Amino acid sequence: MSVNFVTDVDNWVAVKRVLISVSDKSGLDTLIPGLLELIPEIQFYSTGGTYAAIEKILGDKAKGHLTPVSEYTGQPETQGGLVKTLDFKIYLGLLTETYNDSHQDDLKRVDGYPIDMVVVNLYPFKETIAKEGVTVEQARGNIDIGGPTMIRAAAKNYLRVSSVVNPADYRFLLDMLRDNGGQLNLATRFKLSQKAFAHTAAYDTAIAAYLNEREPGSVATLYTHRDKI
C-alpha cells in the first residue's frame, strides 16, 4: 500500500463548504446564522432531518446556501436513511490533499469540491440502550455508520478539514472565524481532530460493551438455513 506523506500544509484554511449531519440539533440556530454572517459565500450540504432544520433556520436564504447531499452526489438516500453520505464524491471532498495534483484531478473528474468542515454528531446509541426494555434490535438500529466515517475522514485530514463533533464548540469556532477572516488554523484543526477521534472511540467502545453482554435477540421472523436437497 502506498501512503502519502504531506510536506506542504496551509496553516490557515478558509471555511467555504460545510457538511452537516447531526442527531443533536442543539446550537444549530446559533451556528448556521453565525457562519452565514461571517462567510457570506458559504455553502451547506446536509441530509434528512438536519437538512430540514437548516432549511427552516435559513428561511429564504436556503436556496442559495443549502444543498441536499443527494443532489450533490447524484445518489438518492436509501429507505430509512440506510445510506446517505457514503459516497465517493463526498470522501474525495474530505480526504483530498491541497497540494497533491492527483487528488485534485480526481476531484475535478467527479465534479466535486473540497469540503472544509464537517459538523457531525452520532445516532444516540447510549441514550437508546439506557431506556428500559430496549431490545437488541432497537440498539442495533442506532449504530451509526456514515457519521463515524465522516468524522474519521475529516479528522484524519486535519491538515485541511475541521471536524466538529460537540455543539459546545460552536461558539468558540464562530469567535475564531470572526477573529481570523473566516479561517481556522492548523492548531485548531488538530485540536478538533483529537476530540473527534476520542468521540468515535467512546462511541465504538459503548457499542462493543453492550453487544459483548448480550445474545443476538429475537426478530420478527428468524429463518433457519436448510441445505437444498
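Contact here means heavy atoms within 4.5 Å. The model shown in these views is predicted.

View 1. The chain's secondary structure comes to 11 helices and seven strands. Of its 229 residues, 41% are buried. Among contacts with a separation of 6 or more, 69% are between residues 24 or more positions apart.

**View 2. Helix H1 packs against helix H10.** H1 covers residues 28-38, and H10 covers residues 170-179. Their axes come within 10 Å and cross at roughly 10°. An angle under 35 degrees counts as roughly parallel. H1 and H10 are therefore roughly parallel to each other. From H1, the contact takes in Leu28, Thr30, Leu31, Gly34, Leu35 and Leu38. From H10, Tyr170, Arg171, Leu174, Leu177 and Arg178 take part. By type, the residues of this contact are seven nonpolar, two polar and two charged.

**View 3. Five strands build an open, parallel sheet.** The strand order is S4-S3-S2-S5-S6, and the pairing is parallel. S4 (66-68) and S6 (162-164) stand at the edges. Each has a single partner strand, so one side of each is left without a neighbour in the sheet. From one strand to the next, the twist averages 20°.

View 4. S2 spans residues 17-22. Five of its six residues are buried, so S2 is largely enclosed by the rest of the structure. Four bridges pair S2 with S3 in the parallel sense. In this pairing, Leu19 has Tyr45 of S3 as its bridge partner. S2 is also joined to S5 (residues 117-121), by five bridges, and these two strands run parallel. Here Ile20 stands opposite Val119 of S5. S2, H1 and S3 together make a β-α-β unit, and the unit is right-handed.

View 5. S3 (residues 43-46) is joined to S4 by three bridges, and the two run parallel. Phe44 has Leu66 in S4 as its bridge partner. Helix H2 (residues 48-58) lies across S2, S3 and S4. H2 runs at about 160° to S4.

**View 6. Asp111 sits in a loop with a positive phi.** The loop lies between helix H6 (101-109) and S5. Asp111 is not a glycine, yet its phi is positive, at about 55°. Is Asp111 buried or exposed? Its relative accessible area is 53%. The cut-off for exposed is over 50%, so Asp111 is exposed.

**View 7. Ala196 is a buried residue of helix H11.** H11 covers residues 186-212, and Ala196 is found in this helix. Ala196 has a relative accessible area of 0% and is buried. Which residues does Ala196 touch, not counting those up to four places away in sequence? They are Ile151, Ala155, Ser163 and Val165. Along the chain, Ala196 and Asn121 are 75 residues apart. Their C-alpha atoms are separated by 9.6 Å.

Terms used:
Residues are numbered from 1 along each chain as its sequence is written. This is a predicted model: local features need pLDDT of at least 70, side-chain atom pairs count only at pLDDT 80 or more; totals for chains, interfaces and linings use all residues. Side-chain values use heavy atoms; hydrogens and water are left out. Two strands pair if DSSP finds at least two bridges between them. Axes are lines fitted to C-alpha atoms, for helices over the stretch in contact, and angles run from 0 to 180 degrees between N-to-C directions. Angles under 35 degrees count as roughly parallel, over 145 as roughly antiparallel, 65 to 115 as roughly perpendicular and the rest as oblique. Ala, Val, Leu, Ile, Met, Phe, Trp, Tyr, Cys and Pro count as nonpolar, Asp, Glu, Lys and Arg as charged, and the others, Gly among them, as polar. Buried means under 20% relative accessible area, exposed over 50%, partly exposed in between (1.4 Å probe, protein chains only). A crossover is right-handed if, with the strands pointing away from the viewer, the path from the first strand over the helix to the second runs clockwise.
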